[in-house]
Amino acid sequence: MSNGKTVKELMLDVFEFPHIPYWFSIRQAIGIIKKSLLTKEKCLQPMAVLVFDEKYNLVGTVSFKNILRGLEPRFLKPTSKAQGHVEDDSGLSLLWDTLFNKESREMAEKPISEVMTPAKHFVAPDDPVTKAAYLMVHNDLALLPVLENNKKFVGLVRMIEVFDELSNNILEGRG
Amino acid sequence: MERPLDREKSQKLYVQLFELLRGKIETGEWAVSTQIPTEEELCKIYDVSKATVRLAILELVRQGYLTRQQGKGTFVCKRIIPEGLTMSTSFKELMLEAGIVFSTQTLAQTVMMPTDDIDVKLNVPEDKHIIYIKRLRAVENEPVLLQEAYIPYNICPQLLADDIASNSLFELFEKKYGIKITKITDFIELAYINKDEGKLLDMKEGSPALLLEQHFYAGETQVIYMRTIKRPERFRFYIELERKG
């Protein structure tokens, strides 16, 4: 049990992350990632672009993985979550040279809304950190949006801060 | 063989390069709509750094000679601005919509990063958050203009919560936020509308329309870049010039 720390004590400012509207193409999103994140001396991890609708409501997030999947439909094949030894996937190995070619350049014109991770799970600023941890673990999320009064997007919680906080409780025997 | 830049000259290299490239556009050597060489190619051709090339290109974009399209390249624009047409007048005469009763529909009021050449047009760093506003205005239910406004987020964050359907940005800036607009520059040209614009304005894709680009300044800082597409048959321009002093 956390010693009473709430989400608002750990959350990051939304303006730490680039914003785009859902109608931007994958190509435009790539340009923004390069300019806003990759060229900076210190890239904020996990890398994410926040996707909004026309009324500035958060509708999703975009990671490197989302983009690569969007550009190369053959990456859409489901993969095992376990990171054990994997036998050579001969069906795919024959294709390595054909991946990320002309077709991907065409795919880059698709709207980002087709490849983003939709924002479905939220916490409130006064929620306990343990609730954020629960949602992030159960839904495999690296970032969790924070909404004030179930509406206004005010911040983001990262797994790194959640882990740091909860692991301190264990090591220091708090709670 | 390209003419080399004169490194002995007191004039900065990027200014020399800017003038040289502008000459190519004005003489037609680089035709309208053609893609110009990449930054890397220009570095090699003129034996200058990437920073020099970038500054020269940015200035050409700012002055309307070139346009950048994200991921595609930089292209020569249709517009060539003759020198000596700078005019001074009062703001009232520049508000071309004066006297017309509009109904306004807000299509977007959100935050984004600058894309294509918006960073240059708004004169902000390319990783800066900006407020994006898109409005469709109609007269007697007929859409007549489509307006997009870009504002640096830090200038006026409260704008995201304002009623922008019934207030003009100009009035909100001046009356509500006390940001005094001290200069507006306007560029007017003929444009051909794209599919999305056509759908909103109830016009066929590729139809000619008036494009008005406006840059609003508060002192030295640009606070709004506005791009308005107007149905040509609904507007006429009236500008009154008054000699200063």
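**The interface between the chains**

Author: In this predicted model, chain A and chain B bury about 1,600 Å² between them, and 60% of that area is on carbon and sulfur atoms. The size of an interface is often given as the accessible area lost when the parts come together.

Reader: How many residues of chain A and of chain B are in contact?

Author: On chain A there are 20 residues in contact with 18 residues of chain B.

Reader: How many salt bridges and how many residue pairs in polar contact are counted between chain A and chain B?

Author: Side chains of opposite charge can pair when their charged atoms come close. Between chain A and chain B the count of salt bridges is 0, whereas 6 residue pairs are in polar contact, with both residues at pLDDT 80 or more.

Reader: Which elements give two or more residues to the side of chain A that touches chain B?

Author: They are β1 (19-21) and α1 (26-38) of chain A. The largest share, 6 residues, comes from α1(A). By class, this side of chain A has 10 nonpolar, 4 polar and 6 charged residues.

Reader: How much space lies in the largest pocket, and which residues are the closest to its centre?

Author: Rolling a probe the size of a water molecule over the atoms shows where empty space is left. Here the largest pocket holds about 1,800 Å³ of space. It is lined by 50 residues, of which Asp116(B), Glu148(B), Asn194(B), Glu197(B) and Arg227(B) are the closest to its centre. The lining divides into 22 nonpolar, 9 polar and 19 charged residues.

Technical notes: Residues are numbered from 1 along each chain as its sequence is written. Chains are lettered from A and ligands numbered from 1 in the order in which they are written. This is a predicted model: local features need pLDDT of at least 70, side-chain atom pairs count only at pLDDT 80 or more; totals for chains, interfaces and linings use all residues. Side-chain values use heavy atoms; hydrogens and water are left out. Contact means heavy atoms within 4.5 Å. Buried area is the accessible area (1.4 Å probe) that two parts lose on being put together, summed over both. A salt bridge is a side-chain nitrogen of Lys or Arg within 4 Å of a carboxyl oxygen of Asp or Glu. A polar contact is a pair of N or O atoms within 3.5 Å; within protein, one must be able to donate a hydrogen and the other to accept it, and residues adjacent in sequence count only if both atoms are side-chain atoms. Helices (H or I, at least four residues) and strands (E, at least two) are DSSP runs, numbered from the N terminus. Ala, Val, Leu, Ile, Met, Phe, Trp, Tyr, Cys and Pro count as nonpolar, Asp, Glu, Lys and Arg as charged, and the others, Gly among them, as polar. On a 1 Å grid over the protein atoms alone, a cavity is a set of points where a 1.4 Å probe fits but cannot get out, and a pocket is an open set with protein on both sides within 12 Å along at least five of seven lines; lining residues have an atom within 4 Å of a point. Grid points are joined across faces, edges and corners, and a volume is the space filled by probe spheres set on the points.
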